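I want to see what holds on to what.

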Amino acid sequence: MGIVNVTPDSFSDGGRFLAHDAAIAHGLAMTEAGADLVDVGGESTRPGAAEVGTDIEIDRVVPVVRALAEREVLVSIDTSKAEVAAAALAAGAVVVNDVTALGDPGMADLVAAAGAGVILMHMLGSPRTMQADPHYVDVVAEVRDFLVARAERAEGAGIPREAICIDPGIGFGKNLDHNLALLANVPALAAAGYPVVMGASRKSWMTHLLGDLSPEERDPVTAVAHALAIAGGASMIRVHDVVMGLRSARTTDAIVRSFA
Ligand code: PMM
């Protein structure tokens, strides 16, 4: 799953147009490079990030989703707002990637009615507050139980089980130890019976472990973390560098699952 963030610096028409064009080109390049799914998002969920209004988010993502879908790219919409998801599904997205795991009361029915897939991600708190001082008694069990409860809610709303993925939400209300525990315990998450998505790409836990690293320097670290996650049973990885992600996934598959 390749990441396309449409978060333009300028709100002038020119800036928007450039941002859309660049995002579409990036999504197409990722598909060429072998991404199975392109994840389009219009709201930053980085720690401390402010919320973006619905209209602005729709304005950012819909032209990109439509252009990619028209070129037969499978698109997931990275949003927690049902209104944004509805606009993106109408524009051709086939999966909703929801970092609040159906936090919006309208989301489950919408996904079910559209016949779309859903990725349910765990987050403690909200992006503004999540990294303040996260606490768990047993992070793996708590994240798994939360995700299973949300997956059951999704099934209850009519989303078929095979259309539901779960994601422990690396970096979303987790300190370094929490992130490492979740990366190390993918088998416990996979045992819940839903495909596991892992999104460790370029996240700041790497700098807490290894010191300052540029985004590109984080890519090999991402590849190691994702390879171990795949070895533990993860089904999908969410990455910035698709070429490196695909190589590490295929190598891991060849070694631990005997297929490349
Ligand atoms: N991480 C980010 C955004 N969306 N979605 C899922 N399912 N899993 C993630 O780990 C995830 C996500 C934030 O990362 P970015 O700023 O690099 O997009």
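I looked up Arg 238 and found one of its polar side-chain atoms 2.9 Å from an oxygen atom of the ligand (a polar contact is a pair of N or O atoms within 3.5 Å). This is a predicted model, where local features need pLDDT of at least 70 and side-chain atom pairs pLDDT 80 or more, while totals for chains, interfaces and linings use all residues. Numbering runs from 1 along each chain as its sequence is written, and side-chain values use heavy atoms, without hydrogens and water.

Next I checked Asn 97: a polar side-chain atom lies 2.7 Å from a ligand nitrogen atom. Gly 199 uses its backbone instead, with a polar atom 3.2 Å from a ligand oxygen.

How much of the ligand does the protein bury? I noted 95% of the 420 Å² that the ligand exposes when taken alone (Shrake-Rupley areas, 1.4 Å probe).

Technical notes: Polar contact = N/O pair within 3.5 Å; in protein donor to acceptor, adjacent residues only side chain to side chain.
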